[in-house]
Amino acid sequence: MRVNDLLKDPDFTLINQSDINKEINNVFACDLLSHAMGFAAENDLLITVLNNINVLGVASLLEFSGVVFSHNINVNDAIIKKANELDIPLIRTRLTTAEAVVRVHILGKSN
Amino acid sequence: MSPLKKRTVEPYVREFIIERNDIGNAGTVASLTKRELKNRGFSREFVKQITIGVYEAEINVVIHSYGGKATVEINKEYIEITFKDEGPGIPSIDNAMTEGFSTASKYAIENGFGAGMGLPNIKAVSDEMNLTSSEDGTNLTIRFYVKGNSYAS
């Protein structure tokens, strides 16, 4: 599944300008960056409520396919600007983290 | 990699200053080291392991120390990164090496750090890890040996 397949679901909204053709291999949900560093992998889609610029550092180093902010978390302009520079898709959803994981999993099976 | 493309093999040494609590620039050493390693034709997996180790150690200096420096050395035998900070030191290295144990500040936790996974992650990815600490500072050296499968095929 690619990021643009995820965006066909109205509960997922792209909030920056970036390449949405990136492949999603797996989903990883976490709000602690060292856990993400230790256990996540390339082309994972990170689902988090951590609206912090360091999320982008980890996303860039590990080459995630994108970052989903669950619970309709507000994302500030500095994060959006940095994500545009790093070409990392940022997506917002009203879903909880657990709901978002399940939804991405279901969408992944049909795409 | 194309057989016609020559790998960069010249030794590389670069020093970075790491400022205390400079969360905005945390990850710079890891990011620039990753780029250098990729340019040298190392495999994605090898680069990833090193990147994780460097990032975690860099974050530790940012969130736990009074500031310090990192020295990255790349040669044909190994990649070695040394972190030296100016204190206050790790009270118990045994505790610090335990997964989930953390002394991170509220500031660090608000920024997504403090899972207590930093040093365990570093140990897991590196070939050698040497850690010494006193009130005057902490020295951490991590080394990754270049092996037959360290280069991209």
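**View 1. The largest nonpolar core of the predicted model, which has 64 residues.** Leu45(A), Leu46(A), Val58(A), Ala59(A), Val67(A), Val68(A) and Ala57(B) touch the most other members of this core. Helix α2 of chain B (residues 44-64) gives the most to the core, with ten residues. A nonpolar core is a set of buried Ala, Val, Leu, Ile, Met, Phe, Trp, Tyr and Cys residues joined through C-beta atoms within 7 Å. A residue is buried if 20 or more other C-beta atoms lie within 10 Å of its own, exposed if 12 or fewer, and partly exposed in between, with C-beta atoms placed from the backbone. Local features need pLDDT of at least 70, side-chain atom pairs count only at pLDDT 80 or more, and totals for chains, interfaces and linings use all residues. Residues are numbered from 1 along each chain as its sequence is written, and chains are lettered from A in the order in which they are written.

**View 2. The surroundings of Val58(A).** Apart from neighbours within four places in sequence, Val58(A) is in contact (C-beta atoms, placed from the backbone, within 7 Å) with Leu33(A), Ala36(A) and Met37(A).

**View 3. Gly137(B) in strand β5 of chain B.** This strand covers residues 137-145; strands (E, at least two residues) and helices (H or I, at least four) are DSSP runs, numbered from the N terminus. Gly137(B) is partly exposed because 17 other C-beta atoms lie within 10 Å. When residues up to four places away in sequence are not counted, Gly137(B) touches Lys84(B), Asp85(B), Glu86(B), Gly87(B) and Gly89(B). The C-alpha atoms of Gly137(B) and Tyr66(B) are separated by 8.8 Å, although the two are 71 residues apart along the chain.

Note on methods: Two residues are in contact if their C-beta atoms, placed from the backbone, lie within 7 Å.
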